[in-house]
Amino acid sequence: MDKQKQIAILGSTGSIGTQALQVIAEHPDRFAARILTAHSRWQLLAEQARRFVPAAVVIADEGCYEPLRDALADLPIQVYAGADALCQVVESDAVDIVLTAMVGFAGLPPTISAIRAGKQIALANKETMVVAGELINALAIEHKAPILPVDSEHSAIFQSIIGEVSPIEKIILTASGGPFRTFSRQQLATVTPDQALRHPNWDMGAKITIDSATMMNKGFEVIEAKWLFDVEPDRIQVVVHPQSVVHSAVQFADGAVKAQLGVPDMRVPIQLAFSFPERLQSSFDRLNWFTMHSLTFEQPDTERFPCLAIAYEALRRGGNAPCVVNAANEVVNLAFRQQRCSFTDIHETIARTMDAVTHINKPTLDDYLATDAEARRYADSLLNK
Ligand code: NDP
Ligand code: MG
């Protein structure tokens with residue numbers, strides 16, 4: 001029998017994290033939750049720890065340490081707190097796979113720790129690749145840490161190139177188009193967070209759901225694809241596909257196109273990132289070819305969704321530009337959710353921040369940390385004007 005893989009989930013209380021625990025629960029002989037972590041939702045983390053009995057849990061918000069420790073006092077589980085502890089626990093010898101299911105730039109330091117420790121990375125936290133893809137790739141090679149995509153599009157691309165020895169001619173990155181796909185510019189100016197949070201096909205965390213509505217998410221996925229598959233941006237084509245059945249596709253030199261299809265369910269790519277190269281049995285829904293009716297495809301509209309163009313521009317500028325865009329986006333994404341800015345302020349603030357923050361061509365990790373802080377301050381100052 002194969003060894004039971006020990007999994008550390010960074011962000012186990014989130015949308016990806018809880019679905020990863022469902023995958024683990026379906027295959028107790030193959031996977032075990034070794035480490036679980038959260039930001040501040042300690043009650044849910046404690047519930048998960050009671051059920052899965054990991055060796056350790058980490059709560060990033062130190063103010064939640066005591067209640068969490070007390071809630072788990074009767075169990076043989078180490079309890080830690082703080083951002084540094086996240087970086088330390090992933091280095092444990094016992095851990096085989098680190099699922100990066102935290103949201104935002106905060107995922108970068110623990111992902112780097114895990115790579116330095118040579119762990120297999122199941123990458124959900126795309127912000128890591130957006131901010132520092134070049135650095136991450138160099139570290140992954142140096143430390144022989146495989147990176148397996150969890151993002152559904154990148155998992156589809158990965159599945160489409162297995163067995164190929166020839167280069168990719170083009171990546172066809174599909175996008176649902178989000179809840180505002182058919183909205184006019186005038187309509188977009190007045191949309192509310194509630195409307196934006198109702199995604200047609202996927203039930204995800206709040207931040208990425210807003211990113212899907214602005215299509216910043218798709219822009220980030222273009223950047224993520226460039227670094228994961230070493231394909232230049234002019235060979236990455238975004239295609240709007242409202243049904244989210246074709247999860248993405250790859251075209252080769254002879255014109256052949258391979259795609260991966262399925263019901264929109266993140267547990268499929270999560271499970272594959274854990275089990276690769278094997279595929280395991282699952283109880284998840286199967287595609288029904290006769291109730292699907294139609295699969296449609298459209299060109300994305302960067303006039304109505306400028307965030308997509310901003311991401312391509314950030315890639316063109318290179319260096320710390322994608323890091324700036326990510327930081328500004330985190331600031332305005334939250335501001336929009338808190339009704340401190342309008343939907344169209346999102347792309348305007350990001351574009352202005354990208355133009356203002358000092359450009360660095362070959363950033364080090366310290367440069368990324370400084371850029372992130374500078375971009376956040378700048379984006380904040382624009383919002384407070
Ligand atoms: P959620 O908001 O649902 O969950 C985020 C998780 O990270 C929670 O466990 C949260 O803890 C924890 N967390 C948040 N901030 C911090 C922090 N500063 N320090 C430590 N832990 C933190 O997000 P999702 O699951 O939707 O997304 C996670 C990542 O996966 C994102 O990068 C997203 O882009 C990516 N992704 C998500 C998809 C999806 O379907 N949801 C699809 C593809 C990619 P707490 O609960 O305590 O707040
Ligand atoms: Mg995706």
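**Exercise 1.** Which polar backbone atom lies 3.3 Å from an oxygen atom of ligand 1?

*Solution.* The model is predicted, so that local features require pLDDT of at least 70 and side-chain atom pairs pLDDT 80 or more, while totals for chains, interfaces and linings use all residues. Residues are numbered from 1 along each chain as its sequence is written, chains are lettered from A and ligands numbered from 1 in the order of writing, and side-chain values use heavy atoms, without hydrogens and water.

Step 1. The atom at 3.3 Å belongs to G11; a polar contact is a pair of N or O atoms within 3.5 Å.

Step 2. A backbone N or O atom of G14 is 3.1 Å from an oxygen atom of ligand 1, and for a polar backbone atom of I16 the distance is 2.9 Å.

Step 3. Ligand 1 taken alone exposes 900 Å², of which the protein buries 87% (Shrake-Rupley method, 1.4 Å probe).

**Exercise 2.** State how many residues surround ligand 1, and of which classes they are.

*Solution.* Step 1. The shell has 25 residues, each with a heavy atom within 4 Å of the ligand. T13, S15, S40, R41 and E127 are the closest.

Step 1. By class, 12 are nonpolar, nine polar and four charged; Gly counts as polar.

**Exercise 3.** Is N326 buried or exposed?

*Solution.* Step 1. N326 belongs to helix α14, residues 321–337 (a DSSP run of H or I, at least four residues).

Step 1. Its relative accessible area is 0%, so N326 is buried (under 20%; exposed is over 50%).

Step 2. Beyond neighbours within four places in sequence, N326 contacts residues including F105, E127 and K207 (heavy atoms within 4.5 Å).

Technical notes. A polar contact is a pair of N or O atoms within 3.5 Å; within protein, one must be able to donate a hydrogen and the other to accept it, and residues adjacent in sequence count only if both atoms are side-chain atoms. Helices (H or I, at least four residues) and strands (E, at least two) are DSSP runs, numbered from the N terminus. Buried means under 20% relative accessible area, exposed over 50%, partly exposed in between (1.4 Å probe, protein chains only).
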